[in-house]
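Hi everyone, thanks for coming along. Have a look at the sequence and the model on the screen before I start talking.

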Amino acid sequence: MKNLKITKLTEIKNDERGASYEFSTHLTKDFLFVSRKKGTISGEHYHEGKSKQKDPETLVLIKGEFILEAKDLKTGETLKTTVEAPRKLEIGTNVWHKVTALSDITFLETNSLAQHMKDTVQLSE
């Protein structure tokens with residue numbers, strides 16, 4: 001899908017303590033730390049780009065895996081894929097997206113709750 005990008009994080013170190021990863025994102029000072037339980041559904045919305053932090057919306061999956069369903073509302077193109085940590089997702093404007101947690105998941109959103117609320121349009125399947 002042209003307006004949605006999933007990137008494997010770059011591992012910069014791995015030793016007996018664990019692994020370290022690096023990623024970059026567009027400028028932001030606010031983050032949401034989000035956890036969801038296995039079997040739960042999140043999203044079912046899209047963003048119009050009213051907030052620069054939502055154009056694109058950037059999520060960093062830290063732990064777990066989920067099914068991502070997406071539909072570009074302008075082109076009609078659809079995507080359904082499994083996403084496993086660690087990954088960075090960049091979801092463009094007018095892309096409806098839904099996350100179904102296959103395990104407990106933890107992710108960061110590169111925006112504040114106020115920015116999210118300002119630029120979220122709920123749309124169920």
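I'll go through the sheet, then the core, and then a few single residues.

First, some housekeeping: this is a predicted model, with local features needing pLDDT of at least 70, side-chain atom pairs counting only at pLDDT 80 or more, and totals for chains, interfaces and linings using all residues. Residues are numbered from 1 along each chain as its sequence is written, and side-chain values use heavy atoms, with hydrogens and water left out.

Let's begin with the sheet. Five strands make an open sheet, in the order β1-β9-β6-β11-β4, and the pairing is antiparallel. Strands here are DSSP runs of E, at least two residues, numbered from the N terminus, and two strands pair if DSSP finds at least two bridges between them. At the edges sit β1 (4–8) and β4, each pairing on one side only. On average, neighbouring strands of this sheet are turned by 20 degrees against each other, direction ignored; the axes are lines fitted to C-alpha atoms, and angles run from 0 to 180 degrees between N-to-C directions. As for β1 and β9, five bridges join this antiparallel pair, and Ile6 has Leu89 in β9 as its bridge partner.

Now the core. By nonpolar core I mean buried Ala, Val, Leu, Ile, Met, Phe, Trp, Tyr and Cys residues joined through side-chain atoms within 4.5 Å, and buried means under 20% relative accessible area with a 1.4 Å probe, protein chains only. The largest one has 16 residues, and Phe66, Leu68 and Ile105 have the most contacts inside it. Elements giving two or more residues to this core include β6 (57–63), β7 (65–72) and β10 (95–101). Beyond its neighbours within four places in sequence, Leu68 is in contact (heavy atoms within 4.5 Å) with Leu4, Ile6, Leu79 and Val99, among others.

Which residue is buried yet has no salt bridge? That's Lys88, in strand β9. The nearest side chain of opposite charge, Glu90, is 4.0 Å away; a salt bridge is a side-chain nitrogen of Lys or Arg within 4 Å of a carboxyl oxygen of Asp or Glu. Not counting residues up to four places away in sequence, Lys88 touches several residues, including Ile6, Phe23 and Val60.

Finally, why does Glu69 count as buried? Glu69, in strand β7, counts as buried because its relative accessibility is 17%.

Technical notes
Buried means under 20% relative accessible area, exposed over 50%, partly exposed in between (1.4 Å probe, protein chains only). Helices (H or I, at least four residues) and strands (E, at least two) are DSSP runs, numbered from the N terminus. Lys and Arg count as positive and Asp and Glu as negative; His and the chain ends are not counted.
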